[in-house]
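Thanks for coming. I will go through one structure today, starting with some helix packing and ending with the core.

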Amino acid sequence: MCRTCHWLTSGAVRRFLEGEQCAKMELTGWVKNYGWGRKGISSAVAQLAMANDPDFRLNEEETYAEMWMGTHVCGVSVVKETGETLDRVLKKDLSYLFKVLSINKALSIQVHPNKCEAERLHKERPDIYKDPNHKPELAIALTPFLALVGFMSAEDIRDYIDEFQPLSKLIGKEAVDQLHDSTDAESVKWCYEKLMKTEESVIAKCISEIAKDYQKELKSNDLLEVFTKVNKDFPGDVGVLSLFFLNLIRLQPGQAIYLGANEIHAYLDGDCVECMACSDNVIRAGLTPKYKDVDQLLESVIFESSYKDRKEFIPYRIDGQVQVYIPPVTDFAVINVNIEHSLESYKLEIQAFGSIMIVLKGSRILKLKTQQGDKEILVTRGSIVYIPVEAAPEIEFAKSDDCDEDFSGYIATSNYFRVP
Ligand SMILES: [Zn+2]
């Protein structure tokens, strides 16, 4: 019997499996140690990697930022049994890329190009834009999660600029007057462009004046904590002043945000599950030591305001156990499965697309059809399983004897929930 797979050890199943290869379904994710990740065991990524792989060696001084699950060339998953990469086994790429993120330090202010722009950018600058695909993305909070998403209304931005005079001075009378005359996307664009194109030393001076003289105003707008955090993460960076332009979103576990092409955003703090089209194209303009492409960001970004209460992305509830996050693109959807420990069995209908599941909590016996016949796998926290096309039309989560914890997992799949 395969050493690394968590197969059942009951007599009947053991006899069934003896001498037979394990199905190539259990995966190891690809861990990324970016500097913004949480350190050591405090990182959800490190915790899941340890639970997934007995050979994973934790370094308490190391940051663990992302775990990638899928076939993207920059971090392809590995089949546990054989050590082969998933793309080689499948002989194709999946349409989505699935991740867990654990954020300590703010991520860059960014947008993702649409398909057409991605093709052009990849052709012109393949060293920066690594693939020709768009990258709509969905983030589902696992812990309280903080992010900047989309521009505030022009009125709110105008009020902030008026209240924080060093910012008003930096942007300049002409652009600020224009914003007062007409509170529209064009005026916001002018002000934001002025900000993004200001010399670094002037930006840093403006931030330090606000930090010194505007504590009361930051506090009354509920911005003090986040202003201090972002300024600590990237001292004097232009991204700190983006707090006066972008919606500050606070998500509770299970709440989600969806970012379409060219919607500006920056994740600031917390853990999440993230799913996106299979791409790594990012246009960055602040809060990053990486290459900033300010001109491209200003050309691509949507300046129209998106109101806070519209930004939470609501999943569609199928029943008491399952809800589905269905974005407006065909590349991906995310199924969230929560099963009470007392429930003997739950059958989930799925369609014939290869899916990837990560287990966050509890334990179940996953029963599914594969090319090698019916299989049963004990899945526990940290398990990552590729659910093959042959598993359709349903997989079963049966009760595992030794577990009295509720089960929770996320499944990334192609978006067959939407009629194109
Ligand atoms: Zn993004």
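This is a predicted model: local features need pLDDT of at least 70, side-chain atom pairs count only at pLDDT 80 or more; totals for chains, interfaces and linings use all residues.

Helix packing around α5

Helix α5, residues 154-163, packs against helix α7, residues 173-181, at an angle of about 135°, and the two axes are 10 Å apart. Since angles over 145 would count as roughly antiparallel, that angle makes α5 oblique to α7. The crossing of these two helices, α5 and α7, is left-handed. On the α5 side the contact uses Ala-154, Arg-158 and Ile-161, and on the α7 side Val-176, Leu-179 and His-180. By type, the residues of this contact between α5 and α7 are four nonpolar, one polar and one charged.

The crossing of α5 and α8 is left-handed. Here α5 contributes Ala-154, Ile-157 and Ile-161, while α8 contributes Ser-187, Val-188 and Cys-191. The contact of α5 with α8 divides into five nonpolar residues, one polar and no charged. If you have the model open, look at Ala-154 and Ile-161: they are on the α5 side of the contact with α7, and they are on the α5 side of the contact with α8.

Backbone details

Now some loops. Which peptide bond is cis? The one from Ala-392 to Pro-393, with omega near 15°. Pro-393 sits in the loop between β22 (384-387) and β23 (394-399).

Lys-91 has phi near 60° and is a residue other than glycine. Its place is the loop between α3 (86-90) and β7 (96-103). Is Lys-91 buried or exposed? Lys-91 has 6 other C-beta atoms within 10 Å, so it is exposed.

Asp-222 also is not a glycine and has a positive phi, of about 60°. Asp-222 belongs to the loop between α10 (215-220) and α11 (224-233). Asp-222 has 10 C-beta neighbours inside 10 Å and therefore counts as exposed.

Ala-256 is in strand β12, residues 256-259. There are 23 other C-beta atoms within 10 Å of Ala-256, so this residue is buried. What does Ala-256 contact, leaving aside neighbours within four places in sequence? The contacts are Leu-138, Ala-139, Ile-140, Glu-312, Phe-313, Pro-315 and Tyr-325. For a distance to check in your viewer, the C-alpha atoms of Ala-256 and Ala-44 are separated by 18 Å, and these residues are 212 apart along the chain.

The nonpolar core

Last topic. The largest nonpolar core has 124 residues, and the members touching the most other members are Val-45, Tyr-96, Ala-147, Leu-241, Val-334 and Val-385. Which strand gives the most to this core? Strand β13, residues 265-277, does, with eight residues.

I will finish with Val-385 as one of those members. Not counting residues up to four places away in sequence, Val-385 touches Met-25, Glu-26, Leu-27, Met-357, Leu-366, Ile-377 and Val-379.

I am happy to take questions.

How values were computed
Residues are numbered from 1 along each chain as its sequence is written. A nonpolar core is a set of buried Ala, Val, Leu, Ile, Met, Phe, Trp, Tyr and Cys residues joined through C-beta atoms within 7 Å. A residue is buried if 20 or more other C-beta atoms lie within 10 Å of its own, exposed if 12 or fewer, and partly exposed in between; C-beta atoms are placed from the backbone. Helices (H or I, at least four residues) and strands (E, at least two) are DSSP runs, numbered from the N terminus. Two residues are in contact if their C-beta atoms, placed from the backbone, lie within 7 Å. Axes are lines fitted to C-alpha atoms, for helices over the stretch in contact, and angles run from 0 to 180 degrees between N-to-C directions. Angles under 35 degrees count as roughly parallel, over 145 as roughly antiparallel, 65 to 115 as roughly perpendicular and the rest as oblique. A crossing is left-handed if the near helix is turned anticlockwise from the far one by less than a right angle, and right-handed if clockwise. Ala, Val, Leu, Ile, Met, Phe, Trp, Tyr, Cys and Pro count as nonpolar, Asp, Glu, Lys and Arg as charged, and the others, Gly among them, as polar.
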